[in-house]
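Visitor: I'm new to this one. Could you show it to me and walk me through it?

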Amino acid sequence: MTTSIELDNEAPGHTGNCRFFADQTYHFQTLRVFSDIPFGGADTSEVLATISKIHEGDAVSWYAAWSAMAQRNAARAEACLDRISCGMAWLRAHSYWRTAEFLLEPGDPRRLLAWKEQVDAFDNGLAALDVAHHRFDVPYGTGNLRAIFYPGPAGWETKPLIVLVGGYDSTLEELYFVLVKAAYLRGFGVLTYEGPGQGAALRQFGMTFTHEWEHPNGAVLDAYLASHPAPPKLILIGMSMGGYLAPRAAAFDDRIDGVVAYDAVYDIGESARIIANARADPATALAPEIVWAIDNAKWAMGLTAPEALVETFEPYTMAPIASRISCDVLALAGIDDHFFPATQAEQLVTACRRRSARLPSMRKTTRKKASPRCYRHSAITVWQCCSCGSCCWKSREAGLKPCFPYMRTTQGRSRRPASACSSPMRQALS
């Protein structure tokens, strides 16, 4: 059984413009902040006011605008007498600090300032709002991995535990806005964590990514289960590049009862080859998304030279191991994703089917316009997708098959001509 969620309604005549910047990196990172709004991580008027001060392609103005808005919210929180308003201001300050540092070079000293400020603001926000949570460190390699467990409301112990991990540039705290609050409203507890190459593991201990994600994921699960009762089921969700990390871990850990690739990643090397080709082309070598991708690889992947980019990412493929996955799999993909082509979802599903005949085929819709990135649909749409009858995690007991939908939405879609979107990655995938 297959599912296609269609929210792509064309209006007659002149239509609105959903792009904030022609450059894909600046536009997409703005969308990333907007997606935090439903759960208190940003405010529409503040985001619009901030980007009005940013010069496209200028990382200095990007940092200045977002850090100024973060400081404004921190000052507001400190002066606020209302506990709820105070907490919400701190959470917005966190998101704006996280966004401010994003385009800075890895060695920029302002990154350390922004990092400390965003973590402190987040903790202040959860404390003011009385959000139940438990931070703990997991010994790993030469340092520690950070994790936060958020218990759900009464009765959460009888439901599956959701474990959430991010991707290529994720931080632990931002995962709260991605899924935690939405899960709580539906009665679930959530365990979030950072692995090598992410957050503090990278910044404090210098641990870079590993393609063998079963090791950090297993260490976090071991630490959690050592002090908490085993849940009735365990669902692992990987966001962005986590769409590779989570299925990889599930292939080697039988404790995982279901895995969500959000979005589905089969072979990161394919994207690395596109980046390498764009860097070799003088017309696209200095595009912000290419410069950022290389810089982040040097930092988070331990890339020694840009020429080694493809070689560095080649081990990050599900090809030799997808058939090992024995649990249910939910693959989500954005048709116009600018890093991972949607066809990788089909490749993942096909490879998984070799293991279990219960996994159905997936139909790709033929409409051409869709979201640039699956995981920025917001948790609201993700939950609507995951809670449909054919996606139910009780599928085994009920005799139903899990489905593998392409998520379709107009969020982030450009009404401008394609040439107005300056993305070498998008052009290479089109």
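Visitor: Which handedness does the crossing of H2 past H3 have?
Guide: Quick ground rules: this is a predicted model, where local features need pLDDT of at least 70, side-chain atom pairs count only at pLDDT 80 or more, and totals for chains, interfaces and linings use all residues. Residues are numbered from 1 along each chain as its sequence is written, and side-chain values use heavy atoms, with hydrogens and water left out. Helices (H or I, at least four residues) and strands (E, at least two) are DSSP runs numbered from the N terminus. A crossing is left-handed if the near helix is turned anticlockwise from the far one by less than a right angle, and right-handed if clockwise; for H2 passing H3, it's right-handed.

Visitor: At what angle do the axes of H2 and H3 cross?
Guide: Axes are lines fitted to C-alpha atoms, for helices over the stretch in contact, and angles run from 0 to 180 degrees between N-to-C directions. The axes of H2 (residues 44–51) and H3 (residues 59–79) come within 9 Å, and they cross at roughly 145 degrees.

Visitor: Which residues of H3 make the contact?
Guide: Contact here means heavy atoms within 4.5 Å. H2 brings Glu46, Val47, Ala49, Thr50 and Ile51, and they meet H3's Ala65, Trp66, Met69, Asn73 and Arg76.

Visitor: What order do the strands of the open sheet have?
Guide: Two strands pair if DSSP finds at least two bridges between them. The open sheet has seven strands with mixed pairing, and its edge strands are S2 (134–140) and S8 (328–332), each pairing on one side only. The twist averages 20 degrees from one strand to the next. Reading across, the order is S2-S3-S5-S4-S6-S7-S8.

Visitor: At what angle does H6 run to S4?
Guide: H5 (residues 110–128) lies across S2 and S3 (143–150), at about 30 degrees to S3. H6 (residues 175–185) lies across S3, S4, S5 (190–193), S6 and S7 (258–262), and its angle to S4 is about 170 degrees.

Visitor: How much space lies in the largest cavity?
Guide: On a 1 Å grid over the protein atoms alone, a cavity is a set of points where a 1.4 Å probe fits but cannot get out, and lining residues have an atom within 4 Å of a point. Grid points are joined across faces, edges and corners, and a volume is the space filled by probe spheres set on the points. There are six cavities of 30 Å³ or more, and the largest holds about 260 Å³.

Visitor: Which residues are the closest to the centre of the largest cavity?
Guide: H1 (24–34), H10 (268–280), H11 (288–301) and H12 (309–313) each supply at least two residues of its lining. Of the 23 lining residues, the closest to the centre are Tyr168, Trp292, Ala293, Phe339 and Phe340.

Visitor: What volume does the second largest cavity have?
Guide: Its lining has 16 residues, with Arg111, Asp169, Arg203, Asn296 and Trp299 the closest to the centre. H4 (83–101), H7 (199–203) and H11 each give two or more residues to that lining. The volume of the second largest cavity is about 140 Å³.

Visitor: Which residue is joined to Tyr262 by a cis peptide bond?
Guide: Omega of that bond is about 15 degrees.

Key: On a 1 Å grid over the protein atoms alone, a cavity is a set of points where a 1.4 Å probe fits but cannot get out, and a pocket is an open set with protein on both sides within 12 Å along at least five of seven lines; lining residues have an atom within 4 Å of a point.
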